[in-house]
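Here's a protein model to look through together. Keep the sequence and the 3D view open while you read.

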Amino acid sequence: MFAAYLVPGAAAWAALGLAFGVAAVEIAWLPTAAVVASAVYGCAYGAAEVGGSPWPTAPGLRWQVPQDLLIGASPPQRVLVWGSILGPGFLTRNPYAGFAILPLLVAAVGRVPAVVVVAGLAGVAHAAGRAAALLRDSARPQDDPFALLLSSLRWRLVDGLALLTVAGAAAVVAGFRIR
Amino acid sequence: MTAGLDEPQADRSAFDSAVIRTLLAAFALAAGLAVAWLVGGRVIILGVLAVLLAAGNGYGKAYSP
């Protein structure tokens, strides 16, 4: 099951990294702009999430995997569909702002092949986390909705703290680059 | 009454929560600044943080209602 998540995750993210790397050859200021954008985004969304503010909502799509894709599919086909869509994570709803900063951080790396390696590892990490959570959920009874909501709020706080850490690091990297 | 607390207790609890969150936020920001400074502002630190953040995000996404 892990492979069904990891392979699409790595492939989609590595392709994105390659695109950023190629773009950075033509647009020399792109990596520096991505570092600055990471610092600004991390501060704004990190502060909002840690402060418990409902605004701004995390950027991203609101799409969910449609049931039509799964009706009539065999169990291995279902795992393939879930893995291909949820592994990379670009297409489905994500309530945490930490996801949308990932492309900025990848773009900040700049050079091929480093940007492809970092993007691929980020894709593998995201897909592995998603698959591990799925295995965790399938091995125990489902949480009641209120407990799920409380867990989501706690994760939003953790995500906000992570964003602020990234923002601090990005601010230092930007300072070293621009000076 | 709010969740078994009277009004002053609820106010104090909210204040404590806000103080703790502010302190945690300041610590997180400072940790990012310090780590990046220690590695000499090399951009690879953002790559490492991206991988860690991606893993946490993938895992935590399962908790979204």
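In chain A, 86% of the contacts with a separation of 6 or more join residues 24 or more positions apart. Two residues are "in contact" here if their C-beta atoms, placed from the backbone, lie within 7 Å. Before going on, a word on the ground rules: this is a predicted model, where local features need pLDDT of at least 70 and side-chain atom pairs count only at pLDDT 80 or more, while totals for chains, interfaces and linings use all residues. Residues are numbered from 1 along each chain as its sequence is written, and chains are lettered from A and ligands numbered from 1 in the order in which they are written.

**Chain A as a whole**

What is chain A built from? It has six helices and zero strands, in the order α-α-α-α-α-α from the N terminus on. Helices (H or I, at least four residues) and strands (E, at least two) are DSSP runs, numbered from the N terminus. The radius of gyration of chain A is 18 Å, close to the 16 Å from the globule rule for 179 residues, so chain A is as compact as a globular protein of that length. That radius is taken over C-alpha atoms, and the rule is 2.2 Å times the number of residues to the power 0.38. Along the principal axes, the C-alpha atoms of chain A fill a box of roughly 55 × 35 × 25 Å. Buried residues make up 45% of the chain's 179 residues; buried means 20 or more other C-beta atoms within 10 Å of a residue's own, exposed means 12 or fewer, and partly exposed is in between, with C-beta atoms placed from the backbone.

**Two helix pairs**

Axes are lines fitted to C-alpha atoms, over the stretch in contact for helices, and angles run from 0 to 180 degrees between N-to-C directions. A crossing is left-handed if the near helix is turned anticlockwise from the far one by less than a right angle, and right-handed if clockwise.

| Pair | Axes come within | Crossing angle |
|---|---|---|
| H2(A) and H4(A) | 7 Å | roughly 145° |
| H1(A) and H3(A) | 7 Å | roughly 35° |

The crossing of H2(A) and H4(A) is left-handed. By class, their contact has twelve nonpolar, two polar and no charged residues. Nonpolar covers Ala, Val, Leu, Ile, Met, Phe, Trp, Tyr, Cys and Pro, charged covers Asp, Glu, Lys and Arg, and the others, Gly among them, are polar.

The crossing of H1(A) and H3(A) is right-handed. Here A:Ala4, A:Tyr5 and A:Pro8 in H1(A) meet residues of H3(A) including A:Val79 and A:Leu80.

**Where the chains meet**

How many residues of chain A are in contact with chain B? There are 52, touching 33 residues of chain B. H6(A) gives the most to that side of chain A, with 22 residues. By class, the side has 36 nonpolar, 13 polar and three charged residues.

Look at A:Ala133 in helix H5 (residues 114-138) of chain A. Leaving aside neighbours within four places in sequence, A:Ala133 is in contact with B:Tyr59 and B:Ala62. With 17 other C-beta atoms within 10 Å, A:Ala133 is partly exposed.

**The core**

The largest nonpolar core has 70 residues, and B:Leu46 is one of those with the most contacts inside it. Such a core is a set of buried Ala, Val, Leu, Ile, Met, Phe, Trp, Tyr and Cys residues joined through C-beta atoms within 7 Å. Beyond four places in sequence, B:Leu46 is in contact with residues including A:Val35, A:Leu105 and A:Val173.
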